[in-house]
Amino acid sequence: MASAKLPRSRGLAGTPAKGNPKDTGTKLEENVNVFKSDNFDADGYLQSKCNSLNEKEIRQLCSYLLDLKKASAEEMRRSVYANYTAFIRTSKEISDLEGELSSIRNLLSTQATLIHGLAEGVHIDSLSINVPNGSTANGLTNYEDEEPSDLEKRVTEFPDLLDVLLAERRVEEALETFDEGERIVSEADEKKTLSPAVLLSLQIAITERRQKLADQLAEAACQPSTRGSELRAAISALKKLGDGPRAHSLLLNAHYQRYQYNMQSLRPSSTSYGGAYTAALSQLVFSAISQAACDSLAIFGKERSYTSELVMWSTKQTEAFALIVKRHALASSAAAGGLRAAAECVQIALGHCSLLEARGLALCPVLLKLFRPSVEQALDANLKRIEESTAALAAADDWELTYPPTAMRQSGKSLSTSLGSVTAYQHKLSSSAHRFNLMVQDFFEDVGPLLSMQLGGKTLEGLFHIFNSYVNMLIKALPGSMEEEANYEGSGNKIVRMAETESQQIALLANASLLADELLPRAAMKLAPLNQANYKDDPRRRPADRQNRHPEQREWKRRLGSSVDRLKDSFCRQHALDLIFTEDGDSYLSADMYINMDGNADEIEWFPSTIFQELYAKLNRMASMASEMFIGRERFATLLLMRLTETVILWLSEDQSFWDDIEEGPRPLGPLGLQQFYLDMKFVVCFASQGRYLSRNLHRVVNEIISKAMAAFSSTGMDPYSVLPEDDWFTDICQDAMDRLSGKPKVANGDRDLSSPTASVSAQSISSVRSHGSS
């Protein structure tokens, strides 16, 4: 119901349904046109659409709208991050243009005032020419005889007063005097209380002294001794003079010069600790950025042009800091594969940088982008070291499974760490696998920077690569894989000690399966998101659940399993070939062993063929060894035996020469041969069922083989069911053979053990083939 109603709810939100793109575009345009109207009534529109909705549908609509809001916010955030540099650059250019326009406006105002004064002077001169001489003389005499007013006297003394204030660096009083002078100019210009020449002289005096004060303040701000409140006072005064862009640039430059001076006491050396140097440098740089941000906010507020300049300046200082850290601390660690040292430097820098977020400066992405190549280099070098160290141990590994040495079991950074990982040390591995596991566990101790730099995927890929390389070496350790080693990528010319015995060869599988199924996924869980730590630590959840809840890690674990399957396939193929072929290349499993039985007049003792007896004995030996090597992982042992049995039977099913001789050979398959072949297949099903490794695929292939042999016998004109005994006869022989081959005493009176799974399962398996053929 919910899925059926969801499109309806979405349609209400203005989202078109899926369909023809042209229809979708038309409907979307129609829906949008509703909102473009000037008379659009939001409440009325909502009521008209929601009247027919019940509570559940309204909740679905609200949920959809919230999801849409979150997606829109996320898209906007990505867009802002993608274009933030261009936005800041454009804002800076706009700010510069605004400053230039302000300067031009002031210049034009000064020029207009000057032109206005000149025009007034020319007008007065023209009037004096037109007045009679007597009147002019009287006028001039009167003007010269007049006493200057108080305002004119004050204006005359004004430049001297400003000079005194500037000389004594009384900035606040000077600013007040400038404001008073501007007020006098404005009133005189409006009321014509001053002559144009005096007014022009006052304006020029104010402009010159204002520029002089601005230069004094700028010079003071550039002095290293000007700090704290003095610096803020100078910058604030310069801003009040109308030169805000210059004041802000001087503020940032002052903080830059100060931390550059303090950095002179830091002298990194080849013997110094990279973390200590990074911590000291981080403290200097990010404290300076923090103080600059605080001063900028206090003086200039949140005006966009100034905040943009602050962000650009902070980004530039962060980039310079990152380059210094890379040169003096990260480069050597990364080249030597010191992932832990490199990670610690990155963590220290990120810790200091993250404190700036309270000031509105998110500079951690800048650091992560610049530090990422160095951390990647350290990561690659560390993985390479693990691979080479493991390969060196594999060359001398005796492939005997042991518990970890006491030193390994007690290794750890704390008691809780040792106790938490005690379960990892309950398994047996060979020496090279122990070393591989220990290095991987140590490798995952510091994964914080890898997560923050989004290197989790690269880390898992690198770990898979070295595990795959280790599996290739295990495959080379199998005696029959020498001719195939060129097919394995990354094997190179690495020397590996051969696993001669079956026990050693099963140990190879124990190494690979335990690493892939438990140890490596458990270590990789440290790459899980930190916000799901509570989930990870929940004791009520099974380990497999905790390890498999992340899709990326599930896929990674599946790839690990695929590498183990390659080793398993090589193991089964080698043992199948050892069973089927002699050292000279002759086959133990040929059509002649069945065809020739009808030409032998001797009495036949019915028993499974030798090759299937050896297969049963080999599987029993391997099952016994696997029960000791795969404690707690019996399923893997069962799948291994299942795969080995399938390999032998599939080879028989696909051996074209065998079936050519059976179906089209010079001599047909006789009744005795068919009976022996049927007995052999029945024997395979019986011991596979008893050992609990009778798979559906094996059962299907055995049925197909039997049907194929019976069809070949039917082609001679005889009925196969007329020559084959009842199923109980085959079951008795198979059970007796298993008892004799496994060393069990024979059951009295020839009765079979009814508790055996073969008592019902195996008989039913084969009888189903016969009944199917008869129908």
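This is a predicted model: local features need pLDDT of at least 70, side-chain atom pairs count only at pLDDT 80 or more; totals for chains, interfaces and linings use all residues.
Residues are numbered from 1 along each chain as its sequence is written, and side-chain values use heavy atoms, with hydrogens and water left out.

**Helix H14**
- Helices are DSSP runs (H or I, at least four residues), numbered from the N terminus.
- The 31 residues of H14 (residues 364-394) should span 45 Å at 1.5 Å a residue, and the end C-alpha atoms are 42 Å apart, which agrees.
- The expected span is 1.5 Å times one less than the number of residues.

**Buried residues**
- Gln675, in helix H28 (residues 671-690), counts as buried because its relative accessibility is 9%, and buried means under 20% relative accessible area, exposed over 50%, and partly exposed in between (1.4 Å probe, protein chains only).
- Leaving aside residues up to four places away in sequence, Gln675 touches Trp606, Val723, Leu724, Pro725, Trp729 and Phe730; contact means heavy atoms within 4.5 Å.
- Ala507 lies in helix H20 (residues 502-524) and is buried, with a relative accessible area of 1%.
- Ala507 touches Trp399, Leu401 and Met629, again not counting residues up to four places away in sequence.
- The C-alpha atoms of Ala507 and Ala626 are 8.8 Å apart, although 119 residues separate the two in sequence.

Notes: Helices (H or I, at least four residues) and strands (E, at least two) are DSSP runs, numbered from the N terminus.
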